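Morning, everyone. Please have the sequence and the model open while I talk.

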Amino acid sequence: MGNLKLKGKDILKLGYPNNQSVNIALEVMKRNFATKNIHYVKSLLKEILLNPEHFEKDLTFGQIAEALLSSKKTEKRMLNTNRASFQIFGPQISDEAKNQLYTALKLPISIQGALMPDAHSGYGLPIGGVLAVENAVIPYGVGMDIGCRMSLSILDTPISYLDGAKDKYEKALAEHTKFGMYETHKLHGEHEIFDRDTFDMIPVLRRLKGKAIKQMGTSGGGNHFVEFGEVEITEEDEQIGLPKGKYLGILSHSGSRGLGAEIAQYYSRVAVEQCPLPKEAQQFAWLDLNTHLGLEYWTAMNLAGDYASACHDDIHRRLVKAVGGRVKARIENHHNFAWKEIHNGKEVIVHRKGATPAHKNELGMIPGSMTAKGFIVRGKGNPDSLNSASHGAGRAYSRGECRNLFTQNDIKKELKLKNVILMGGNAEEAPMAYKDINEVMNAQSELVDILGTFQPRIVRMDK
């Protein structure tokens with residue numbers, strides 16, 4: 001905590017009420033001003049005490065101001081007896097996933113919900129779950145991998161190169177992509193995101209900045225991937241700006257790495273303390289966006305989303321530099337995030353956990369599996385799905401089930417059949433682990449139009 005010799009009694013002498021505000025003031029000042037002169041720190045505390053309303057939205061002092069302005073006890077929130085309105089898309093969705101959504105729909109803040117056709121059970125909101133709430137954000141509604149996203153670069157390289165120069169593309173993936181907890185690049189490119197003062201304003205971010213720099217341009221484990229493949233544009237769209245035909249593409253799926261995971265863990269824990277709920281709904285603890293902690297999480301979440309986007313940019317930049325060609329179009333979208341949107345004339349916070357934004361005319365990329373085609377889509381802006389679509393094919397079997405069901409031999413047969421080269425990967429991500437992407441797409445014809453496809457050819461995943 002540095003060498004600031006500040007004590008609770010010093011804060012009480014300034015006129016602070018003898019309640020939680022003293023402990024909060026002590027913690028905030030020791031955390032942020034450990035090396036500052038005690039007289040300077042006391043003068044700051046006095047200023048906050050005299051005008052707490054001036055500091056309510058301040059990222060450093062907001063928590064102290066809030067404690068001074070509010071002496072409310074943390075009361076247990078009860079669930080509503082009735083569910084908010086919802087729609088389920090697609091037939092093959094487990095009861096467990098449905099029940100997770102049903103619980104979320106009973107939260108007193110819930111306005112509307114939906115389940116996408118790739119939905120399956122998760123932690124908190126199910127994967128493929130969409131939930132609109134009033135002026136609050138649910139850390140577990142966003143998920144652990146904040147800003148996890150798809151990014152597709154379409155190159156001007158002839159598609160024949162994928163077969164003719166296969167070794168070059170394999171080598172590029174082997175040398176220029178990094179996966180999992182420990183692989184990092186030797187050289188890190190500069191990026192404006194690390195110049196942002198947000199890293200210095202929020203203590204949890206300040207601690208994570210070094211890790212974020214180190215992990216820039218890397219991908220996670222599990223179902224995260226980087227792959228070269230065959231793009232086919234089947235319907236022209238002015239946003240893509242390419243004629244119908246086949247193109248070489250780079251597709252990546254990853255999120256905000258350790259930065260996002262630790263933000264999620266920290267604020268989920270804080271939310272549970274701030275917002276006690278019945279046991280079955282505890283994972284839906286929320287942070288009110290009028291509070292300092294809600295504002296803090298919202299700011300950190302947005303930074304993690306931008307960081308995830310920057311990682312994809314770095315991955316694609318490295319690969320294009322290694323294999324040549326120029327990027328003719330880029331299609332990308334988040335799928336673990338919360339957005340402020342207007343629905344039915346009212347501003348709400350829409351959580352999409354494993355769901356793709358599909359506002360009218362919005363482009364997106366929905367992958368299949370390591371062997372199945374993915375789809376380039378354009379949103380229809382369907383209000384029943386809260387302008388959302390699936391984020392993939394969705395799991396048919398859990399990771400545990402896959403380990404018992406599929407062998408490396410099974411995977412090799414499937415890869416050979418579909419003419420796909422796999423680098424890394426394991427039974428948990430076997431192509432057979434996923435639902436049929438064509439059935440999933442059929443179930444969301446009211447949500448998106450299909451503009452093209454992406455067929456994986458050379459796939460790299462964590463070992």
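Let me start with a term. A polar contact is a pair of N or O atoms within 3.5 Å, and within protein one atom must be able to donate a hydrogen and the other to accept it. Keep that in mind. Also remember that this is a predicted model.

Now, which side chain does the side chain of His-391 make a polar contact with? Asp-118, at 2.8 Å. That value is within the 3.5 Å cut-off, so the pair counts as a polar contact.

Find His-391 in the loop between β15, residues 388–390, and α13, residues 399–405. Is His-391 buried or exposed? It is buried, because its relative accessible area is 13% and buried means under 20%. Leave aside its neighbours within four places in sequence, and His-391 is in contact with Asp-118, Ile-127, His-335, Gly-354, Ala-355, Thr-356, Ile-366 and Pro-367.

Next stop, Gln-112. Look for it in strand β2, residues 110–120. Gln-112 is buried too, with a relative accessible area of 11%. Its side chain reaches the backbone oxygen of Pro-383 at 3.1 Å. Beyond four places in sequence, its contacts include Ala-84, Ser-85, Val-130 and Asn-344. And how far is the C-alpha atom of Gln-112 from that of Asn-404? The two are separated by 38 Å, and they sit 292 residues apart along the chain.

Strand β2 comes up again with helix α5, residues 95–104. In α5, the buried residues are Ala-97, Gln-100, Leu-101, Tyr-102, Thr-103 and Ala-104. They pack against β1, β2 and β3.

On to helix pairs. Take α10, residues 203–215, and α11, residues 257–274. They pack at an angle of about 155°, with axes 8 Å apart. That makes α10 roughly antiparallel to α11, because angles over 145 degrees count that way. Who makes the contact? On the α10 side, Val-204, Leu-205, Arg-207 and Leu-208 are among them, and on the α11 side, Arg-257, Gly-258 and Leu-259 are among them. By class, the contact has 8 nonpolar, 2 polar and 4 charged residues.

Thr-198 lies in helix α9, residues 198–201, and at 13% relative accessibility it counts as buried. Then Arg-257, in helix α11. Its phi is near 60°, a positive value in a residue other than glycine. Arg-257 counts as buried, at 13% relative accessibility.

Where else is phi positive in a residue that is not a glycine? At Asn-135, where phi is about 45°. Asn-135 sits in the loop between β3 and β4. It is partly exposed, with a relative accessible area of 32%.

One more pair. Helix α2, residues 20–32, and helix α4, residues 62–69, pack at about 170°, with axes 9 Å apart. So α2 is roughly antiparallel to α4. From α2, the contact uses Ser-21, Ile-24, Ala-25, Val-28, Met-29 and Arg-31. From α4, it uses Gln-63, Ile-64, Ala-67 and Leu-68. These divide into 7 nonpolar, 2 polar and 1 charged.

How values were computed
Residues are numbered from 1 along each chain as its sequence is written. This is a predicted model: local features need pLDDT of at least 70, side-chain atom pairs count only at pLDDT 80 or more; totals for chains, interfaces and linings use all residues. Side-chain values use heavy atoms; hydrogens and water are left out. Axes are lines fitted to C-alpha atoms, for helices over the stretch in contact, and angles run from 0 to 180 degrees between N-to-C directions. Helices (H or I, at least four residues) and strands (E, at least two) are DSSP runs, numbered from the N terminus. Angles under 35 degrees count as roughly parallel, over 145 as roughly antiparallel, 65 to 115 as roughly perpendicular and the rest as oblique. Contact means heavy atoms within 4.5 Å. Ala, Val, Leu, Ile, Met, Phe, Trp, Tyr, Cys and Pro count as nonpolar, Asp, Glu, Lys and Arg as charged, and the others, Gly among them, as polar. Buried means under 20% relative accessible area, exposed over 50%, partly exposed in between (1.4 Å probe, protein chains only).
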